[in-house]
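User: Hi! Could you walk me through this one? I'd like to start with the overall layout.
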Amino acid sequence: MASHSAPVGAGIDWEARYIASDTPWDKGAAHPALIDHLKKQPITGNVLVPGCGVGHDVRALAENPALSVLGMDIAPTALRLAQSSPRVGNESYLKGDFLAGDAVEVGSFDVIFEHTCFCAIPPIRRKDYVKSASDALRSGGLLLAVFFTNPENTDPSSPPFRCEMNEIRDLFSEDFEFLEADELISTFKERMGRETFCLLRKKTL
Ligand SMILES: C[S@@+](CC[C@H](N)C(=O)[O-])C[C@H]1O[C@@H](n2cnc3c(N)ncnc32)[C@H](O)[C@@H]1O
């Protein structure tokens, strides 16, 4: 992902990026680590993909008829592009602000799949992200996440925002238990060795 210009903590105009087709994060395919995981450990139930962009991961998940998949994004143009792709299964899309708790309004999810949403949000909003993910999942629900733990971008004022595993563990450990954390994953060529695939389970309160 190329860096975007915005001060730390400021909102990025994601909609403008989609309108301008300036979306270098979009690799035109679902994340390879998601595909690998689904082959090894199939999931069931209803799945949320926050910050779904044009929906590659949503469609990869929805190819399994056992899943109902909701893609959420704040950028209407991304969602229009997502909806213009041929339908593959039980997928749907909703404009919403994940950090504001909009997913919780929809219901309780069995699984959340995260890919380049957490790294896109300003670091000062990370606790809001964790709360939104926890609130949107049922007890025992799973968070499958490809965290961008070591992005090439070294500009701390623009996304993708680096977040190393020790910070991720600190942020998520109160609400989630870590079942897996794997750096040796299939990924896109330019992201080799820069991501960590995590499987987290929401704690039963
Ligand atoms: C770097 S892009 C990644 C998109 C997609 N996951 C992909 O890999 O192609 C980040 C996405 O998160 C969306 N986004 C940013 N903040 C959001 C928020 N608070 N709620 C929902 N979506 C958000 C943006 O509109 C954008 O589509």
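Analyst: Happy to. Helices (H or I, at least four residues) and strands (E, at least two) are taken as DSSP runs, numbered from the N terminus. Keep in mind that this is a predicted model.

User: What about the largest nonpolar core, which residues have the most contacts inside it?
Analyst: Val 47, Leu 48, Ile 112 and Leu 143, in a core of 51 residues. Strand β5 supplies the largest share of this core, with 7 residues.

User: Now Pro 50. Where is it found?
Analyst: Pro 50 is in strand β1, residues 45-50.

User: Buried or exposed, and why?
Analyst: Pro 50 is buried, because 26 other C-beta atoms lie within 10 Å, and 20 or more is what it takes to be buried. Leaving out neighbours within four places in sequence, its contacts are Met 72, Phe 98, Ala 103, Ile 112, Glu 114 and Cys 117.

User: Then how about Pro 151?
Analyst: Pro 151 is found in the loop between β5 and α7 (165-172). Pro 151 counts as partly exposed because it has 19 C-beta neighbours inside 10 Å.

User: Switching topic: which residues of helix α6 are buried?
Analyst: In α6 (residues 126-136) they are Tyr 129, Ser 132, Ala 133, Ser 134 and Ala 136. The buried residues of α6 pack against β1, α5 (102-106), β4 (109-115), β5 (137-147) and β7 (196-202).

User: Last one, the ligand. Which residues come nearest?
Analyst: Trp 14, Gly 51, Gly 53, Ala 75 and Phe 98 come nearest, out of 21 residues around the ligand. Phe 98 is also among the contacts of Pro 50.

User: And how does that shell divide into nonpolar, polar and charged?
Analyst: The shell around the ligand has 14 nonpolar, 4 polar and 3 charged residues.

Conventions: Residues numbered from 1 in each chain as written. Predicted model: local features only at pLDDT ≥ 70, side-chain atom pairs only at ≥ 80, totals over all residues. Near = placed C-beta within 6 Å. Nonpolar A, V, L, I, M, F, W, Y, C, P; charged D, E, K, R; others polar. Buried ≥ 20, exposed ≤ 12 C-beta atoms within 10 Å, placed from the backbone. Contact = placed C-beta atoms within 7 Å. Core = buried A, V, L, I, M, F, W, Y, C linked by C-beta atoms within 7 Å.
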